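Thanks for coming. I will show one model today and talk through it in a few minutes.

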Amino acid sequence: MIPYVGCEYAREHLDAFVDGELSVDEQVAVESHLRWCRTCAARVEDVQLIGTSIRLGSLAPGDEDAQTVSHLQSSVLIRVRAEEELSLASRFRDMFADMRLLWPALGATSAVTVGLALALSVLHSTTRERPESLAAMIELAEPGGDHNPLMPGNSARVDRLLGYIDSDRAGGISMPRALDDGTGFESIPEQDAVFAVAAVVSREGRIANYELLKSERRGPRGRNLPTNDVEMLDAALRQSRFAPAQTPVGRAVAVNMVWLIVMTTVQTPPEPRAIRVPPASTAPVTRIPPTESLEETPLKRSDRLETSTTA
Amino acid sequence: MQTPISGGLVKNAGAVAWSEVDTQEAALIARCNTGDEAACADLVTIHQRMVYSLALHLLGDRDEALDLSQEVFLRVFRTLSSFRGQSALRTWIYRIVINQARNRQRWWRRRYRSSQVSLDDHLQQFGDVESKTDVLPDRLLASKETSARIWQALDRLPFDQRTALILREIDGLRYDEIAFSLNVAVGTVKSRLTRARQTLRAELLGLRT
């Protein structure tokens, strides 16, 4: 039995009917409708006429086009070969084929670049080498740092838990202790001398910087310190090593100190004078045996290092 | 009384299976992917006329169509390794032609909108206009004048409607093949064809008056 369909249904399916895209049932139903409905049949004719007109006016490739198309194969293969040789450039070009992706990519790249530049500038501005940087200010403000040395003794105190310096808390800072016995000063000529040096002993136990406060030298060379001696003193100070000053919690800190360097010569006492005793009349004259040679013993030199804190 | 008939037109374009590619075509694709130049030449030879024809109908310019055809085959060889047999190779190449033509159409229309071919030029190209006295009074026959009018109206259609109609009427593609080529659902193809034909039918009605 052929189902009945109305114009509304038929019109919805007329295009598919003309194109042969309906199922067999639908095809039969629409066809039966077209037998009695002239309006829908006219529509079908129009659709068919449109198709015929399109095919009639189509730009079907002619003989001239056939020659053109025949060259297509060779030109395509030439370009394929060329592209294989320049495949990297080709891939790069493909990346930019879709410009919708290019702009977000450029934007993201720019944002990352700006972010990196900002981060680097912040890092650069916080380096300790820059005196106005936060790191340098923290370094300066840090008690016990090389730029902010303390004074040993009980005047400066340290928080035991947090390790920061606080004058109101209990504790003290130990004195830096010289690790050598003054061998560095043996190169200085053997003359009695006194040097007073104001110095900073760093956390590493080195003389960070110093100032020669006073120097005295006895002997034929007078009180003025020769240039040669200054250089030797400078070298000796630079070679000096200390056990750094420490807080009660064991943290090494830099301290100010005045270093008194005294070089003295110990001499033997003067030769004792022989006492001549008058001879007794009866008693034989006895000769007091001479004392042992009281030749002046070689001078024994000792260096004495003293330290004291600055006021 | 109307009996509703369930239609089965709406199919997914992606439902086309691997079986769309026959063994011979699959072998040709495999050879092309290995860089076999003879196989590439064969592939171009098989499809070049179809590609050029579609490009010509979509763009309406022989030089542009030839240039586009070269671009299409280059694109085919660049992306052939990603072809998974989801359609016939011909339909897959149709899709590339349409995408390339769509991109070029935008640029072409922006640049040469003012120099589009007039109806007189088109009629001159396709021959003399038949006298209206030769045409039946109530119905039009497929004449060169009618064809020219229809093509002029076709050129004014949106690209997707025009492409769907050309693929259907000239290339004879099925709805599912058109859907794959346009990367849309079959229902969308049907609605585009219907709208395109309605517009052209209005042009026919104008010819009758």
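I start with Ala41(B), which lies in helix H2 of chain B, residues 37-59. Before going further: this is a predicted model.

Is Ala41(B) buried or exposed? Ala41(B) counts as buried, because its relative accessibility is 13% and the cut-off for buried is under 20%. Which residues does it touch, once neighbours within four places in sequence are left aside? Those contacts are Gln73(A) and Leu77(A).

In total, 49 residues of chain A are in contact with 57 residues of chain B. The two chains bury about 4800 Å² between them, and 60% of that is on carbon and sulfur atoms. On the chain A side, Ile50(A), Ile54(A) and Leu59(A) supply 14% of the area that chain A buries against chain B, which is more than any other three residues.

Now the polar part of the interface. The rule finds 19 residue pairs in polar contact across the interface of chain A and chain B, with both residues at pLDDT 80 or more. Which helices of chain A supply residues to that side? Helix H1 (7-19), helix H2 (24-36), helix H3 (38-56), helix H4 (63-85) and helix H5 (87-95) of chain A each supply at least two. Sorted by class, the side of chain A that touches chain B has 22 nonpolar, twelve polar and 15 charged residues.

Next, charges. Side chains of opposite charge can pair when their charged atoms come close. How many salt bridges does the rule find across the interface of chain A and chain B? It finds seven. One salt bridge joins Glu37(B) to Arg81(A), with the closest N and O atoms 2.7 Å apart. Over all chains the count comes to 18 salt bridges.

Arg79(A) forms a salt bridge with Glu71(B), and there the closest N and O atoms are 3.0 Å apart. This pair crosses between chains, from helix H4 of chain A, which holds Arg79(A), to helix H3 of chain B, residues 62-79, which holds Glu71(B). Arg79(A) counts as partly exposed, because its relative accessibility is 27%.

Two salt bridges within chain B are also on my list. In one, Asp67(B) pairs with Arg104(B), the closest N and O atoms being 2.9 Å apart. That pair links distant parts of the chain: Asp67(B) is in helix H3 of chain B, Arg104(B) is in helix H4 (residues 89-112) of chain B, and they are 37 residues apart. Asp67(B) is partly exposed, with a relative accessible area of 33%, whereas Arg104(B) is buried, at 15%.

In the other, Arg90(B) forms a salt bridge with Glu177(B), and the closest N and O atoms are 3.7 Å apart. Arg90(B) counts as partly exposed at 30% relative accessibility, whereas Glu177(B) counts as buried at 10%. There is also a network: salt bridges that share partners join Asp15(A), Asp19(A), Arg55(A), Arg168(B), Glu169(B) and Arg197(B).

Now each chain as a whole, beginning with chain B. Chain B has nine helices and zero strands. Of its 209 residues, 49% count as buried. Among contacts in chain B between residues at least 6 apart in sequence, 67% join residues at least 24 apart. Chain B exposes about 10500 Å², and carbon and sulfur atoms supply 48% of it.

The secondary structure of chain A comes to eight helices and eight strands. Chain A has 311 residues, of which 32% count as buried. Among its contacts between residues at least 6 apart in sequence, 63% join residues at least 24 apart. The accessible surface of chain A comes to about 20300 Å², and 57% of that belongs to carbon and sulfur atoms.

One last residue. Ser32(A) is found in helix H2 of chain A. Ser32(A) counts as buried, because its relative accessibility is 14%. A polar atom of its side chain lies 2.7 Å from the backbone oxygen of Ala29(A).

That is my last slide.

Definitions and conventions: Residues are numbered from 1 along each chain as its sequence is written. Chains are lettered from A and ligands numbered from 1 in the order in which they are written. This is a predicted model: local features need pLDDT of at least 70, side-chain atom pairs count only at pLDDT 80 or more; totals for chains, interfaces and linings use all residues. Side-chain values use heavy atoms; hydrogens and water are left out. Contact means heavy atoms within 4.5 Å. Buried area is the accessible area (1.4 Å probe) that two parts lose on being put together, summed over both. A salt bridge is a side-chain nitrogen of Lys or Arg within 4 Å of a carboxyl oxygen of Asp or Glu. A polar contact is a pair of N or O atoms within 3.5 Å; within protein, one must be able to donate a hydrogen and the other to accept it, and residues adjacent in sequence count only if both atoms are side-chain atoms. Helices (H or I, at least four residues) and strands (E, at least two) are DSSP runs, numbered from the N terminus. Ala, Val, Leu, Ile, Met, Phe, Trp, Tyr, Cys and Pro count as nonpolar, Asp, Glu, Lys and Arg as charged, and the others, Gly among them, as polar. Buried means under 20% relative accessible area, exposed over 50%, partly exposed in between (1.4 Å probe, protein chains only). Accessible areas come from the Shrake-Rupley method with a 1.4 Å probe; for residues, only the protein chains shown count as cover.
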